[in-house]
Amino acid sequence: MYHKIKNIILILFLIFSSTIYPQTKLLSWNIENLGKSKSAAAITFMAQTMKNYDIIAIQEVVAGYGGSPAVATLASELNTTGEKWDYTISNPTSSSAYKTERYAYIWKTKSVTKIGRAWLEKKYNLQIDREPYYCTFEYKSKQFTVVNFHAITKSKQPETEIKYFKFLPAQYPTLNLLFAGDFNCPQSHTVFNPLKKMGYQSILVNQKTSLKKKCSINECLASEFDNVFYDPRKVNNLQSGVIPFYKKFNTMQEARKISDHLPIWFEFSLN
């Protein structure tokens, strides 16, 4: 009985908050090697997975031939789902020592408006191999800026570049920053302490987001890498979670043709 009452209260709160506070839904997804290797069926599956969200932040778009067309095809597929979508793609990241990539944003035009041009971070592009890609959006006259990021792999010590994130709020003092992406590092790592001391919180805690190659005793997820960090003084966390898309496939090998990471999502309102 208690749990039923609790659920009813939660539902009423969500309905109330949706009518009083402007809210939007962000989905962040490291889509492994998004490029010409993705089949038409894979693109359709991605679009069906994304269609109920307002903004999609994508990491690991192939920098060479095939990456940008794949994003365009994905946006076109989303346009067949009943809503109008637009997109922007970054230039290749400036890394010469590691794997250069592109980032992308796709957004539902009736839900949010893109403000100005998106840009790659220039100040720390020598310290951060795949420098973050920023894009500012407006929702119901309120603005926020997503900082889309894909860190170097765990073996290369991603904390050596994540440590520069503590300087970004001061570098962009007028922007409401949401740090989203694949950090290749759990939110519990001490490298995030400076952001946390500023008040930033992660939407996910102790939630694994990368896929194993094979499930082991019903455990199919490997590491706690993907997340979104937000400032609760400016952003209200209404709901968040992951999409375990792999459960729709018979094998992990088939699922990993889509990606080796789960999409993560964040529904929020702006103060």
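Q: Which residues does Ile 128 touch, not counting residues up to four places away in sequence?
A: This is a predicted model, in which local features need pLDDT of at least 70 and side-chain atom pairs count only at pLDDT 80 or more, while totals for chains, interfaces and linings use all residues. Residues are numbered from 1 along each chain as its sequence is written, and side-chain values use heavy atoms, with hydrogens and water left out. With contact taken as heavy atoms within 4.5 Å, and with residues up to four places away in sequence not counted, Ile 128 touches Phe 149, Glu 161, Tyr 164 and Phe 165.

Q: Is Ile 128 buried or exposed?
A: Ile 128 lies in the loop between strand 5 (113-120) and strand 6, where strands (E, at least two residues) and helices (H or I, at least four) are DSSP runs numbered from the N terminus. Buried means under 20% relative accessible area, exposed over 50% and partly exposed in between, with a 1.4 Å probe and protein chains only. Because its relative accessible area is 1%, Ile 128 is buried.

Q: How far apart in space are Trp 85 and Lys 108, C-alpha to C-alpha?
A: Trp 85 lies in strand 3 and counts as buried, because its relative accessibility is 2%. Leaving aside neighbours within four places in sequence, its contacts include Met 50, Ala 75, Leu 78 and Lys 108. Trp 85 and Lys 108 are 23 residues apart in sequence, and from C-alpha to C-alpha they are separated in space by 4.5 Å.

Q: At what angle do the axes of helix 2 and helix 3 cross?
A: Residues of helix 2, namely Ile 43, Thr 44, Met 46, Ala 47 and Met 50, meet Ala 70, Thr 73, Leu 74, Glu 77 and Leu 78 in helix 3. The axes are lines fitted to C-alpha atoms over the stretch in contact, with angles running from 0 to 180 degrees between N-to-C directions. These axes come within 9 Å, and they cross at roughly 55°.

Q: Is Lys 140 buried or exposed?
A: Most residues other than glycine have a negative phi. Lys 140, in the loop between strand 6 (133-139) and strand 7 (142-150), instead has a positive phi near 50°. Because its relative accessibility is 58%, Lys 140 counts as exposed.

Q: What is the relative accessibility of Asn 33?
A: Asn 33 lies in strand 1 and has a positive phi of about 50° although it is not a glycine. Asn 33 counts as partly exposed because its relative accessibility is 30%.
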